[in-house]
Amino acid sequence: MDDKYLSVSALTRYLKAQFDTDPNLRHVFLKGEISNFKAHTTGHLYFSVKDEGSKINAIMFRGNASKLNFTPADGSKVLMAGRISIYEPTGNYQIYVDEMVEDGVGNLYVAFEKLKKKLQAEGLFDETHKKPIPKIPRRVGIITASTGAAIRDIITTIKRRFPICETILFPTLVQGDNAKDDIVRNIERAKDYDLDVLIVGRGGGSIEDLWPFNEEIVARAIYNCDIPVISAVGHEIDFTIADFVADLRAPTPTAAAELAVPNMADLKSHISQLGIRLNEAIYKKINYQKLYLDSIKNSFVIKSPMIMFENKKQNLDLLKEKLNELILRSVQSKRDKIEQLKRSYILSNPQNIYKDKKIELKNIIDKLNLLNPLNVLSRGYSITYMNGQVLKSVKGIKENSNLDIKLSDGMIRTVVQKVEEEK
């Protein structure tokens, strides 16, 4: 009775054999997005590949993984070739990947991240370089396509919020191979129009559609633009390199227009409030000045000017007395010093000072003569040199060495004939 029942292992082996012998599964081509990626220490790669509806487990052994020319990661879009089989311990079917390359969209994502890191390292995204957006612009430039929802939304919003602002459109290609050059050209053109703000953008789209705003030349043109730039590329979830470089990023073209110009109604209300505050400030200033004037009118100086003059006159007399007293003290002090000098030893006995100094000088000369080595030589002594050095011992003197002997009246050059060691 039990013969008709299969074990799980037997069923799995049967299904694996069916997979392995099916020619349609021995070499398949799949595309999808990587998830649950894990690089094992052995060098094997384990991950899943998914699309909108399904997911399949995948493995790429070290030998094939070492040939990859990119670094897989979660979110990478890939194209791969391999075989489909069943992993018996779990009974799950999976693809054993032999070859794998990045899908086109995946390549764009990698290029985006690479350029983003490069420009960020150069400081193009730093807040310190971002220019403030004027609060009340006179003229706003718009770089976008001349048709489409983006330009309509921007113009409509600006005219509704701030109708006195002038807008200048620079019609531009916003997608395709030539778009990046056209965007850069129009950014350069905009510099000649005395603009207060420049909006650069387009409506939403795929990553391929938005790609011109991820080009390096566009990013550098925005960074080097003297006009404050508001980027308005795509919808709220879309970010481009232009968004990071621009002075201000708007999530949508409509939001860019709202950030570029103020609301006229808000301005009128603000001006009205300023008028009220100005009137209050003027009223307070006038009242303060009135009080200040009253205080001057009632001051002691105005009411009794002669009393103040008399006080000043009395102070002047006191100062004169103090000054005369100081002058007399100074003159007397100088006189006392002159008398003291007259009575000094130097002036009263100048000859004695001369004699003392003469005796002191003679004593110094006698001491110098005693120490003079030439006087020693005059008494019959000499100084012997070898190679410019004074000899203090016979050690080191060899036969035929040249010696210089200094006497009191000259030098003698001599040659050593024989040197005997001291016993």
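1. Ground rules. This is a predicted model: local features need pLDDT of at least 70, side-chain atom pairs count only at pLDDT 80 or more, and totals for chains, interfaces and linings use all residues. Residues are numbered from 1 along each chain as its sequence is written, and side-chain values use heavy atoms, with hydrogens and water left out.

2. UniProt lists residues 6–100, in an unreviewed entry, as "domain: OB-fold nucleic acid binding". UniProt positions are given in the numbering used here, feature names are shortened, and annotations may be inferred rather than shown by experiment. Over residues 6–100 the chain is 23% helix and 46% strand. The end C-alpha atoms of this stretch are 38 Å apart. Helices (H or I, at least four residues) and strands (E, at least two) are DSSP runs, numbered from the N terminus.

3. Two strands pair if DSSP finds at least two bridges between them. Strand 2 (residues 45–50) pairs with strand 3 (residues 55–60) in the antiparallel sense, over six bridges. A hairpin of four residues joins strand 2 to strand 3. Look for F47, which stands opposite A58 in strand 3. Strand 3 also runs parallel to strand 5 (residues 92–102), joined by three bridges. There, N57 faces Q94 in strand 5.

4. I142 stands opposite I199 in strand 8.

5. Strand 13 (residues 402–407) and strand 14 run antiparallel, with six bridges. A hairpin of two residues links strand 13 to strand 14. L403 stands opposite T414 in strand 14. On its other pairing, strand 13 runs antiparallel to strand 11 (residues 383–386) over three bridges. T384 has I405 in strand 13 as its bridge partner.

6. The second largest pocket. Rolling a probe the size of a water molecule over the atoms shows where empty space is left. On a 1 Å grid over the protein atoms alone, a cavity is a set of points where a 1.4 Å probe fits but cannot get out, and a pocket is an open set with protein on both sides within 12 Å along at least five of seven lines; lining residues have an atom within 4 Å of a point. The second largest pocket holds about 190 Å³ of space. It is lined by 12 residues, of which T71, A73, S76, Y109 and V110 lie nearest its centre. Helix 4 (residues 104–122) gives the most to this lining, with five residues. The lining divides into four nonpolar, four polar and four charged residues.

7. The cavity. How many cavities of 30 Å³ or more does the structure hold? There is one. The largest cavity has about 50 Å³ of space. L124, H129, K130, K131, I222, Y223, V245 and D247 line the largest cavity. Four of these lining residues are nonpolar, one is polar and three are charged.

Technical notes:
Points joined across faces, edges and corners; volume = space filled by probe spheres on them. Nonpolar A, V, L, I, M, F, W, Y, C, P; charged D, E, K, R; others polar.
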